[in-house]
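Here is a short briefing to read with the model open beside you. Take a moment to turn the structure around, and then walk through it topic by topic.

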Amino acid sequence: MADRRGLLIILSSPSGAGKSTLARRLMQWDSGLEFSISATTRAPRPGEEHGREYYFLSEDAFRQQVADGQMLEHAHVFGNFYGSPAGPVRDSITQGRDVLFDVDWQGEVQIRNSDLGKHALSIFILPPSIRELRRRLEERGQDSADVISKRMLKSWDEISHWGYYDYVLINDDLDATEEKLKTIVSAERMRRIQQPSLQNHIRTLQTEFDGLS
Ligand SMILES: Nc1nc2c(ncn2[C@@H]2O[C@H](COP(=O)(O)OP(=O)(O)O)[C@@H](O)[C@H]2O)c(=O)[nH]1
Ligand SMILES: Nc1ncnc2c1ncn2[C@@H]1O[C@H](COP(=O)(O)OP(=O)(O)O)[C@@H](O)[C@H]1O
């Protein structure tokens, strides 16, 4: 059996604060991390591939998967449906592999309230300012002015749920935020090493200690 069960590492932020960038960096840091590829009804952005960033589904196909109980969580965000397929997450966690999620606050709440909730580690990413948030969305250059306005209007709704998270980071300097994220993940992994393996070690230490006298 794996030394510990996998962690469900959940990143959320208002659109444009940098969670996809940070998620990519975490994946590069630890190739053992599994990224939970969400299903969505939104159209692919230039460069996005079905099965890599998202599974791009029609609304009918999405609803069918929800009805069949295939989603660990799902939500309606910015006029589209998004959801995390449950199967790969359950496989990973059983095998002791950590899974990384990029989901909104509704996804975080549903995962935390699911039967896998005790494995959740959630981190909220804040932008340094609202002005910088808009600058990043514009600089990313992947959404129309209309889509950017919609996301800016919804940013406070997302930010207002920061208190639901285990950790909150302000993504000002990207390298510094990445380091903090890695520190959180490393510490939480150590904290959750399964008790049986620790208890075996403590018993061994006790036997050795008793043998001292
Ligand atoms: N609940 C939930 N939210 C998701 C899921 N996948 C993505 N999201 C969220 O949907 C929002 C929009 O994502 P996206 O269209 O990729 O835009 P971006 O965040 O601006 O890159 C973000 O807040 C994502 O975190 C999912 O599977 N479930
Ligand atoms: N700390 C940062 N400083 C400056 N630009 C950043 C920082 N973090 C991310 N970005 C840039 O901001 C834009 C939005 O980041 P992205 O990761 O796509 O956000 P999200 O996934 O939260 O919508 C991208 O162009 C990204 O390169």
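By class, the shell around ligand 2 holds 2 nonpolar, 7 polar and 4 charged residues. This is a predicted model, and it scores ipTM 0.96 and pTM 0.93.

**The chain as a whole**

- The average pLDDT of the protein chain is 94, and 97% of the residues reach at least 70.
- In secondary structure, the protein chain has 8 helices and 9 strands.
- Along the principal axes, the C-alpha atoms of the protein chain fill a box of roughly 75 × 40 × 30 Å.
- Of the 213 residues in the protein chain, 28% are buried.
- If you take contacts between residues at least 6 apart in sequence, 70% of them join residues at least 24 apart.

**The parallel sheet and strand β1**

- Five strands make an open sheet in the order β2-β7-β1-β8-β9, and their pairing is parallel.
- At the edges of this sheet are β2 (34-35) and β9 (167-170), each of which pairs on one side only.
- Strand β1 (residues 8-12) runs parallel to strand β7 (residues 99-102), and 4 bridges join them.
- Within that pairing, Leu8 has Val99 of β7 as its bridge partner, while Ile10 has Phe101.
- β1 also runs parallel to β8, to which 5 bridges join it; here Leu8 stands opposite Ala120.
- How many residues of β1 are buried? The count is 5 of its 5 residues, so by the burial criterion the strand is mostly covered.
- In a regular strand, side chains alternate between the two faces of the sheet.
- Both faces of β1 are covered, with Leu8, Ile10 and Ser12 buried on one side and Ile9 and Leu11 buried on the other.
- Helix α1 (residues 19-29) lies across β1, β2, β7 and β8 (120-126), and runs at about 165° to β7.

**Around ligand 2**

- Ligand 2 is surrounded by 13 residues, of which Gly18, Ser20, Thr21, Arg136 and Leu174 are the closest.
- Two elements give two or more residues to this shell: α1 and α5 (130-140).

**Around ligand 1**

- The shell around ligand 1 has 18 residues, and Ser15, Ser38, Ala75, Tyr82 and Gly107 come nearest.
- The elements giving two or more residues to it are β5 (71-77), β6 (80-85) and α4 (105-112).
- By class, this shell has 5 nonpolar, 9 polar and 4 charged residues.

- β5 and β6 pair in the antiparallel sense over 6 bridges, and His74 stands opposite Gly83 in β6.
- The two strands form a hairpin with 2 residues between them.
- Which residue in the turn has a positive phi? It is Phe78, with a phi of about 50°.
- Most residues other than glycine have a negative phi.
- Phe78 sits in the loop between β5 and β6.
- Phe78 counts as partly exposed because 14 other C-beta atoms lie within 10 Å.
- β6 also runs antiparallel to strand β3 (residues 38-40), with 2 bridges joining them.
- In this pairing, the bridge partner of Thr40 is Tyr82 in β6; Tyr82 is also one of the residues that come nearest to ligand 1.

**Tyr54 in strand β4**

- Tyr54 belongs to strand β4 (residues 54-56).
- Is Tyr54 buried or partly exposed? With 19 other C-beta atoms within 10 Å, Tyr54 is partly exposed, because a buried residue needs 20 or more.
- Setting aside neighbours within four places in sequence, Tyr54 is in contact with Ile37, Ser38, Ala39, Thr40 and Glu48.
- Ile37 is 17 residues from Tyr54 in sequence, and their C-alpha atoms are 5.4 Å apart in space.

Conventions. Residues are numbered from 1 along each chain as its sequence is written. Chains are lettered from A and ligands numbered from 1 in the order in which they are written. This is a predicted model: local features need pLDDT of at least 70, side-chain atom pairs count only at pLDDT 80 or more; totals for chains, interfaces and linings use all residues. A residue is near a molecule or strand if its C-beta atom, placed from the backbone, lies within 6 Å of it. Ala, Val, Leu, Ile, Met, Phe, Trp, Tyr, Cys and Pro count as nonpolar, Asp, Glu, Lys and Arg as charged, and the others, Gly among them, as polar. pLDDT is the predictor's confidence in each residue, from 0 to 100. A residue is buried if 20 or more other C-beta atoms lie within 10 Å of its own, exposed if 12 or fewer, and partly exposed in between; C-beta atoms are placed from the backbone. Two residues are in contact if their C-beta atoms, placed from the backbone, lie within 7 Å. Two strands pair if DSSP finds at least two bridges between them. Axes are lines fitted to C-alpha atoms, for helices over the stretch in contact, and angles run from 0 to 180 degrees between N-to-C directions.
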